[in-house]
Amino acid sequence: MTTFDQVIPVITDILRSYREALIRIGGMIINRDLNGRVRLIVSKSVQEDAISQDLLTAIADLMAEHLGPHAFPPEHAVLYEADIETLLKDKPGMPLEDFPAIRFVDRLATESDWATISTMTTRAPRIVFYSLKGGVGRSTALAASAWAFAQQGKRVLALDLDLESPGLSSALLTDDRQSTYGITDWLVEDLVDNGNAVFDEMVVTSTLSREGEIYIVPAHGRDPGEYISKLGRVWMPKIALTGEREIWSYRLRRLIEALETRWGPDVLLLDARAGIDEIASACITDLRANLVLLFAVDSEQTWTGYRMLFRHWRTSGVVRDIRERLQLVGAIVPERDRERYLDGLRDRAWDLFVEELYDPVPPEEDTADLWSFDRADENAPHAPWAIRWHPDWTALRSLYHHMSSVDATGVRLIFGPLIDGLITMIDNRKSVQR
Amino acid sequence: MPSMNPDFLDAHHRHWDDAERLFEASRWANADHLYGMSVECGLKRLMIAFGMPLTTSGDPKRDIDRVHADQAWIRYETYRSGHPGGAGYSLPTTNPFATWHISQRYAHQSNFDQSHTNIHRNGAAIVRGLVQKALIEGLVV
């Protein structure tokens, strides 16, 4: 019986046997719907052409025969649309191998498909902290980075986008300094054009900052209120009277732009949710990030997860749009056998990056134009910025008290490569902009 | 005699097509009427996908669902909100058909002009877009 992963190879095989004849039909979309069933979308003009109709009938019959439950009955297998190009504008899909005029488009139940990559912002740099697995010290590292930037006199805007498991604000704020509202409140109010009612009271400053300023935008306010009921609505798109649809992550992007205008930060730090998750996708692909930190521990789960993600970018044809923003972070690196552990982490990362992200380097060829790095290159995206494991930095809850007494040496001891990497990245960006 | 049971999808398409022809010909009054009919049929087809109960002949089972465009715009939300697949099928919160009523088909045509009809044409285009999306996503076959 045909299963999901066989759909693309099977349909490609079917079409291959009609390669010449298909030229007559022109542009075509192979459309896989929400249930994983496949239909063809062709131009309405084809409906009048008997030869094309015979061809489509033959293909529809073969689809029903070979795709089984992933096909429609032949009489429902073809949709006719006046304008295929407009459909593709909303969702371009990916080219079908060997068929330049045919695109494969996947319809997902989630808004995000991980493959629509927004351009980088040219305003203050946006840095996303992402981990495939929870509990690897991602939020703690963000709090420490915010602290380090503020020490340098920078204004930092830190957003807790881990809406399903918020915690960043407790690391940077005492209980009595929590804001009245959070990101979730704004996303819900925005649906009824009432975002301004919460906008000014969703940001608080942390007293941890000595030189600069740390503005914190939490997931929820002091009193989370009906948090579950609100969380269940943040994913809603907003529909304008013109019918224009603004998906939730674009609403979030609008919020971030407004917060940036209001508070004028030098840098934005975004705490993304762990895993291949809707919020994570928004943070990485939709929020115009300049740098995405990929937190990694040396585990099978980590590498399998990152491989799935990178491969998706590669097969969707967007890998070039995203890869230069990625940087591996070695999370909670154990003290014991530290060097050997980091070496192993780098090996695994290099294997993965070479296979999925870096340009292949043909032998004896000039590599100047290729985006590829040696295993040992310290400045390569796969070379982990190591964060040491330390008991004082493990409990997010008591982090505020720890951070209020820590000094720069203490922070550097644990987070040195991360902080140096971030500062270099921001300085380089400034010099490029100049 | 062919079946005269409702086929909301087909009716949605033909009302829209005819409304567009009339709109092109500046026949505002009847175009306006048909945009409303197109919306009613399109929304009812989507309401069926979102769980609206039907009689054996394919009509809405409950009286409260036997409504025209102006009310269907509101009624639709009940079914959409209650269905897990409904999040991607929202309508604007302002109902463009609040100024449309089925009884207007008896009104004098001088009451209709392009700007009045345009509001309903835009509203109908939104519903048409949702029906197209439902077809593509496999919610409606």
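The model is predicted: local features need pLDDT of at least 70, side-chain atom pairs count only at pLDDT 80 or more, and totals for chains, interfaces and linings use all residues. Residues are numbered from 1 along each chain as its sequence is written, while chains are lettered from A and ligands numbered from 1 in the order in which they are written.

**The two chains**

Chain A has 16 helices and 15 strands. Chain B has four helices and zero strands, in the order α-α-α-α along the sequence. Helices (H or I, at least four residues) and strands (E, at least two) are DSSP runs, numbered from the N terminus.

| Chain | Residues | Buried | C-alpha box along the principal axes |
|---|---|---|---|
| A | 434 residues | 41% | roughly 80 × 60 × 45 Å |
| B | 141 residues | 39% | roughly 45 × 40 × 30 Å |

A residue is buried if 20 or more other C-beta atoms, placed from the backbone, lie within 10 Å of its own.

The radius of gyration is taken over C-alpha atoms, and the globule rule is 2.2 Å times the number of residues to the power 0.38. For the 434 residues of chain A, a compact globule would be near 22 Å; the chain has 25 Å, which agrees. For the 141 residues of chain B, the rule gives a value near 14 Å; the chain has 15 Å, which agrees.

Two residues are in contact if their C-beta atoms, placed from the backbone, lie within 7 Å. Take contacts between residues at least 6 apart in sequence. In chain A, 76% of these join residues at least 24 apart. In chain B, 72% do.

**Where the chains meet**

17 residues of chain A are in contact with 18 residues of chain B. On the chain A side, nine are nonpolar, five polar and three charged. Here Ala, Val, Leu, Ile, Met, Phe, Trp, Tyr, Cys and Pro count as nonpolar, Asp, Glu, Lys and Arg as charged, and the others, Gly among them, as polar.

**A helix pair in chain A**

Helix 12 (residues 300–315) of chain A packs with helix 14 (residues 338–356) of chain A at about 15 degrees, their axes 10 Å apart. That makes helix 12 of chain A roughly parallel to helix 14 of chain A, a term for angles under 35 degrees. From helix 12, A:W303, A:Y306, A:R307, A:F310, A:R311 and A:R314 meet A:R348, A:L352 and A:E356 of helix 14. By class, this contact has four nonpolar, no polar and five charged residues.

Methods: Axes fitted to C-alpha atoms, helices over the stretch in contact; angles between N-to-C directions. Parallel < 35°, antiparallel > 145°, perpendicular 65-115°, else oblique. Buried ≥ 20, exposed ≤ 12 C-beta atoms within 10 Å, placed from the backbone.
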